[in-house]
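Dear colleague,

Here is the structure I said I would pass on.

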Amino acid sequence: MRMRVVIALLASVVIVSVQGAENEPDRAQLERQLAAQFRLLSDWAGLTRYGSDNAKLRLKPDEQRVVFLGDDITDHWGQGQTPFFPGKAYLNRGIAGQTTPQMLVRFRQDVIALKPKVVVIQAGTNDIASVTGPITEAMAAENFMSMAELARVHGIRVVFASLLPVCNCSRDIASRRPVGKILSMNGWLKRYAAETGAVYLDYYSALVDGREFKRALTVDGLLPNDAGYALMAPLAEEAIRKALAQ
C-alpha cells in the first residue's frame, strides 16, 4: 500500500513537470525518470533485470566470454544503429541510472556466475551525480576495489573503463557531473588499474573536445550516439585483448 502511494506521488510529479516551462525535460525523459524511481523502490540493485537471461546461458567450450557491467552508457549500447559487438561472446549487463554500490550487489549474479574471462566495468558518472544518494569519491573507489577483488578471486581479468566526458548539449548535465570530479575519478581508476594489473580503458580521451563531450558523438551530452559507440568499440576490443594476454 505504501509503495502505491509513493508511485502515485512520483507520477504526479511527472505530470506537473510535463506541464512546466519549455526548459523542463520532455515527457519521454520524465517517464524514464519515473521508471527508474520505480525500479529503485521495487528492486534497488536491479537483480531481476538479467536474472532470467542469466539462467538460460550455457558456457561453450573455450568460449572467451566477456561481461560488460555498467550504467546508462553500457545499457544503451546496441539500442541504436551501432550493434553491441555482433558475433562476439560479449554480454551486456548495463542498467541505466546505476551507481557502484548497486553494481557491487549484483556483481556475483551478473558477472561471477556467468564465468567470463574478462569483466569491463563502466561506472562512476551516476555516483558523481548522487543519483542514488550522496556518495564520496572514496566510497565509490572502495566499491570499484571490491568488484576488482571479487573478480580476481574468481580468475576474472578486470578492465576499468573511464568515465565519459559530458556537455550541456541539450540540457544541463555538467552541473551534476563537474569536469573536475570526472577527471579525478578517471585519474584514480588509471592509477588503481596500474597498481593491481588491471587494464585501464580510456574512452574519455577519444570522446572529449577540450573539456566537453564532442557534440558530434553524443545524443544528449551524457550518452554516446552511434558514432560515439562506433569509436568506443575498437578501444574496448583492444583493452579486452590486453586483459586476455595477461
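The notes below cover aromatic ring pairs and then one cysteine. Please keep in mind that this is a predicted model.

Aromatic pairs

The count of aromatic pairs comes to 13. One of them joins Phe85 and Tyr90, whose ring centres are 5.1 Å apart with 65 degrees between the planes. The pair is edge-to-face, because the angle is over 60 degrees. Both partners are buried: Phe85 has a relative accessible area of 6%, and Tyr90 has 12%.

Trp188 and Tyr192 make a stacked pair, with centres 4.9 Å apart and planes at 10 degrees. Planes under 30 degrees apart count as stacked, which is why this pair is classed that way. The two residues sit in helix α9 (residues 179-196), four residues apart, or about one turn of the helix. Trp188 is buried at 17% relative accessible area, and Tyr192 is buried at 8%.

Phe85 and Tyr90 also belong to a cluster linked by ring pairs, together with Phe68, Trp77, Phe84 and Tyr229.

Cys167

Cys167 is in the loop that runs between β4 (157-161) and α9. Its relative accessible area is 1%, so Cys167 counts as buried, the cut-off being under 20%. Leaving aside residues up to four places away in sequence, Cys167 touches Ile173, Glu212, Phe213, Arg215, Thr218, Asp220 and Gly221. Lys214 is 47 residues from Cys167 along the chain, and the C-alpha atoms of the two are separated by 8.0 Å.

Regards

Conventions. Residues numbered from 1 in each chain as written. Predicted model: local features only at pLDDT ≥ 70, side-chain atom pairs only at ≥ 80, totals over all residues. Heavy atoms only, no water. Phe/Tyr/Trp six-rings, centres within 6.5 Å; stacked < 30°, edge-to-face > 60°. Buried < 20%, exposed > 50% of the residue type's maximum accessible area, 1.4 Å probe, protein only. Contact = heavy atoms within 4.5 Å.
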